[in-house]
Amino acid sequence: MPSKNQRNKANKSKDLLQIIILVTVLVGFIGVIAFAYLSKDSEPVKQAETQISYEGQPMIGDANAPVKVMEFGDYKCPSCKDFHDSIYPQLKKDYIDTGKVQFYFTNYQFLGEDSITAGIGGESVFKQNPSAFWKYYDVVYANQQDKHTEWATPEFLTDLIKKNIPEVDAEQVKKDMENKTYLKDVEADNEMAVTNNIQRVPSIVINGKVLENGLDYENIKKVIEEELNQK
């Protein structure tokens, strides 16, 4: 018959074994969770097939650039302003101005009736003078107001155009906004966003690939470089 000391040692060994097994299971579980999390982060793009049309969209950069980058944006969206202020300048310096990227802006105006008005204003400027569109893009985001207020009115936007884009007929743009001349163009852009399952703004599409996070410049660079390396 085992002595008391032997029984105690046996019990301690049994307890130690149970602890080791429990710790092993927990470590394995944590490892699975960590792998899933890291795997998600390492997938910066959705590989779903997209139906992107570049025809008739404002574009800046070399028309022969091998990579097409499209932003879906709303002029009233604070995150779109963040993209314009912090990401777009880097993208322009590194890739647009160096002839590697064609950059497109497409309306996804849904944050209010005046979002639609701002979109129509952009279409009107673009129809008059395609290169002047990018001044409109800059000045509207530079003067963005609270998204909960109706600020992107024909009067407000016309005043911005008069002060900052003299090469455009501001009064004609005002008429186009008031008459909703290019409403169908904005609606067509919005429909393209919905068709391609674009669920947020800004959304960035690079050669047909939708990025999960349009505000992560490192992801944007990574996907652009991957596309360039395939050319």
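What follows is a conversation about a predicted model of a protein chain.

Visitor: What is the mean pLDDT of the protein chain, and which residues have a pLDDT below 50?
Guide: In this predicted model, 78% of the residues reach a pLDDT of 70 or more, and the mean for the chain is 85. Where pLDDT is low, the predicted coordinates should not be read in detail. That caution applies to one stretch, which has 8 contacts in the model beyond near neighbours in sequence and whose pLDDT is below 50, namely residues 20-44.

Visitor: Within what arc do the buried residues of helix 5 fall?
Guide: Helix 5 spans residues 154-164, and its buried residues are Pro-154, Leu-157, Thr-158, Leu-160 and Ile-161. Seen down the helix axis, these buried residues line one face of helix 5, because they fall within an arc of 160°.

Visitor: Are the residues of strand 5 buried or exposed?
Guide: In a regular strand the side chains alternate between the two faces of the sheet. In strand 5 (residues 203-206), Ser-203 and Val-205 lie on one side, while Ile-204 and Ile-206 lie on the other. Both faces of strand 5 are covered, and these four residues are all buried.

Visitor: Which residue in the turn of the hairpin formed by strand 5 and strand 6 has a positive phi?
Guide: Strand 5 pairs with strand 3 (residues 67-73) in the antiparallel sense over 4 bridges, and one of the bridge partners here is Ile-204, which faces Glu-71. Strand 5 also runs antiparallel to strand 6 (residues 209-211), to which 2 bridges join it, with Val-205 partnered by Val-210. Strand 5 and strand 6 form a hairpin with 2 residues between them, and the turn residue with a positive phi, of about 45°, is Asn-207.

Visitor: How many residues apart in sequence are the parts tied together by Glu-167 and Lys-135?
Guide: Glu-167 and Lys-135 form a salt bridge, with their closest N and O atoms 3.0 Å apart. Glu-167 lies in the loop between helix 5 and helix 6, whereas Lys-135 lies in helix 4, so the pair ties together parts whose separation in sequence is 32 residues.

Visitor: How many salt bridges does a search of the whole structure find, and which residues do shared partners join into one network?
Guide: Side chains of opposite charge can pair when their charged atoms come close. A search of the whole structure finds 10 salt bridges, among them the one between Lys-92 and Asp-97 at 3.0 Å, N to O, and the one between Glu-171 and Lys-162, whose closest N and O atoms are 2.8 Å apart. Salt bridges that share partners join into one network the residues Glu-123, Lys-127 and Asp-185.

Visitor: With which side chains does the side chain of Asn-107 make polar contacts?
Guide: Asn-107 lies in strand 4 (residues 101-107), and it counts as buried because its relative accessible area is 3%, under the 20% limit. Leaving aside neighbours within four places in sequence, the residues in contact with Asn-107 include Phe-72, Tyr-75, Glu-123 and Val-186. The polar contacts of its side chain include one of 2.8 Å with the side chain of Gln-109 and one of 2.9 Å with the side chain of Asp-189.

How values were computed
Residues are numbered from 1 along each chain as its sequence is written. This is a predicted model: local features need pLDDT of at least 70, side-chain atom pairs count only at pLDDT 80 or more; totals for chains, interfaces and linings use all residues. Side-chain values use heavy atoms; hydrogens and water are left out. Buried means under 20% relative accessible area, exposed over 50%, partly exposed in between (1.4 Å probe, protein chains only). The arc is that of the directions from the helix axis to the C-beta atoms. Two strands pair if DSSP finds at least two bridges between them. A salt bridge is a side-chain nitrogen of Lys or Arg within 4 Å of a carboxyl oxygen of Asp or Glu. pLDDT is the predictor's confidence in each residue, from 0 to 100. Contact means heavy atoms within 4.5 Å. A polar contact is a pair of N or O atoms within 3.5 Å; within protein, one must be able to donate a hydrogen and the other to accept it, and residues adjacent in sequence count only if both atoms are side-chain atoms.
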